[in-house]
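Here is a short tour of one protein for someone meeting it for the first time. Have the picture handy and follow along.

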Amino acid sequence: MGSGIRAEVSLPTEAPSPFDGVVDGATPVTGVSRCTPEDDRERVVVEFIADADLSVPEGVDVVFDYGGRAAYRFDAAVDPDSPFAVLDRHETPVSEAVVRDGRLRVTFHASDLPTLRSVLEAFRDGCPDMEVKRLLQSTTTPTESDLVTVDRSELTERQREVLAAAYEAGYFDHPKGANAGEVAESLGIGRSTFTEHVAAAQRKLFGALLD
């Protein structure tokens with residue numbers, strides 16, 4: 001067994017996607033994509049599996065009939081920032097895609113951590129609102145898998161600002177590069193307010209790490 005990583009990320013539906021206008025927002029789809037250059041855009045060929053009676057526009061073809069389900073295929077020119085185009089450039093095809101609660105969830109398998117980091121950085125460059133929902137590492141020994149997803153959106157903007165200032169000032173170093181009063185002063189807040197923000201943020205982060 002290899003040491004690849006299965007990742008699931010969530011992007012807003014306004015993120016560039018070849019599924020725009022093709023499938024209903026609640027319809028799960030699975031498939032792979034292939035991109036080739038076309039002017040300043042990229043051409044993506046996508047296959048997905050859905051209900052056999054799915055209403056699709058012209059240009060979406062049924063390529064295999066499973067009975068109640070069918071495999072569909074279509075192609076579309078997409079923005080280079082499309083998650084499907086990004087994954088293709090990293091030779092990491094889409095494993096699953098579904099639009100749910102107004103967001104596009106894309107699942108893919110990265111061969112290693114450097115590839116995963118590179119894909120996520122490209123996603124975030126094109127869509128700052130991208131969220132990592134789940135990471136699962138495949139190893140020869142199940143107990144070696146210990147990846148944990150930390151959703152930074154759980155922190156308020158102020159909590160993230162306070163944590164960043166504290167980290168940069170060396171508040172979490174040993175010995176400390178700055179004490180609570182010094183960091184609070186740099187932020188223009190009281191010491192008690194600073195410690196409350198840090199404590200609340202730590203509870204959320206530790207809750208995710210130790211759950």
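## Getting your bearings

Of the 211 residues in the protein, 37% are buried; here buried means under 20% relative accessible area, exposed means over 50%, and partly exposed is in between (1.4 Å probe, protein chains only). Keep in mind that this is a predicted model, where local features need pLDDT of at least 70 and side-chain atom pairs count only at pLDDT 80 or more, while totals for chains, interfaces and linings use all residues. Residues are numbered from 1 along each chain as its sequence is written, and side-chain values use heavy atoms, with hydrogens and water left out.

The protein has 5 helices and 9 strands. These are DSSP runs numbered from the N terminus, with helices being H or I of at least four residues and strands being E of at least two. Follow the chain along and you read β-β-β-β-β-β-α-β-β-α-β-α-α-α.

Let's start with Arg6, which sits in strand 1 (residues 5-12). Arg6 is partly exposed, at 32% relative accessibility. Setting aside neighbours within four places in sequence, Arg6 is in contact with Ser95, Glu96, Thr107, Phe108, His109, Arg134, Leu135 and Leu136. Arg6 and Leu116 are 110 residues apart in sequence, and their C-alpha atoms are 9.1 Å apart in space.

Now hop over to Gln159 in helix 3 (residues 157-169). Is Gln159 buried or exposed? Gln159 is buried, because its relative accessible area is 7%. Leaving out residues up to four places away in sequence, Gln159 touches Glu154, His197, Ala200, Ala201 and Lys204.

## Salt bridges

Side chains of opposite charge can pair when their charged atoms come close. A salt bridge here is a side-chain nitrogen of Lys or Arg within 4 Å of a carboxyl oxygen of Asp or Glu. Searching the whole structure turns up 3 salt bridges, and here they are:

| Pair | N to O distance |
|---|---|
| Glu8 and Arg105 | 3.0 Å |
| Glu131 and Lys133 | 3.5 Å |
| Arg158 and Glu161 | 2.7 Å |

Take the Glu8 and Arg105 salt bridge. Glu8 lies in strand 1 and Arg105 in strand 8 (residues 103-110), so the pair ties together parts that are 97 residues apart in sequence. Glu8 counts as buried because its relative accessibility is 15%, whereas Arg105, at 23%, is partly exposed.

Lys133 is partly exposed at 29%.

Where do Arg158 and Glu161 lie? Both are in helix 3, 3 residues apart, which is about one turn of the helix. Arg158 is partly exposed, with a relative accessible area of 27%, and Glu161 is partly exposed too, at 39%.

## Out on the surface

The protein exposes about 12300 Å², and carbon and sulfur atoms supply 48% of that. Accessible areas come from the Shrake-Rupley method with a 1.4 Å probe, and for residues only the protein chains shown count as cover.

Which residues make the nonpolar surface patch? Val150, Phe206, Leu209 and Leu210 do, and the patch covers about 400 Å². Patches are made of residues with over 30% relative accessible area and no salt bridge; like charges are joined within 9 Å, and nonpolar side chains (Val, Leu, Ile, Met, Phe, Trp, Tyr) within 5 Å. Val150 is in the loop between strand 9 (131-137) and helix 3, and Val150 is partly exposed at 33% relative accessibility.

There's a negative patch as well, formed by Asp79, Asp81, Glu121 and Asp125. For charges, Lys and Arg count as positive and Asp and Glu as negative, while His and the chain ends are not counted. The place of a charge is taken as NZ of Lys, CZ of Arg, CG of Asp or CD of Glu. Asp79 belongs to the loop between strand 6 (69-78) and helix 1 (83-89), and Asp79 is partly exposed, with a relative accessible area of 33%.

## Two backbone details

A cis peptide bond joins His174 and Pro175, with omega about 0°. Pro175 is in the loop between helix 3 and helix 4 (180-187).

Glu91 has a phi near 55°, a positive value in a residue other than glycine. Look for Glu91 in the loop between helix 1 and strand 7 (94-100), where Glu91 is exposed, with a relative accessible area of 74%.

Definitions and conventions. Contact = heavy atoms within 4.5 Å.
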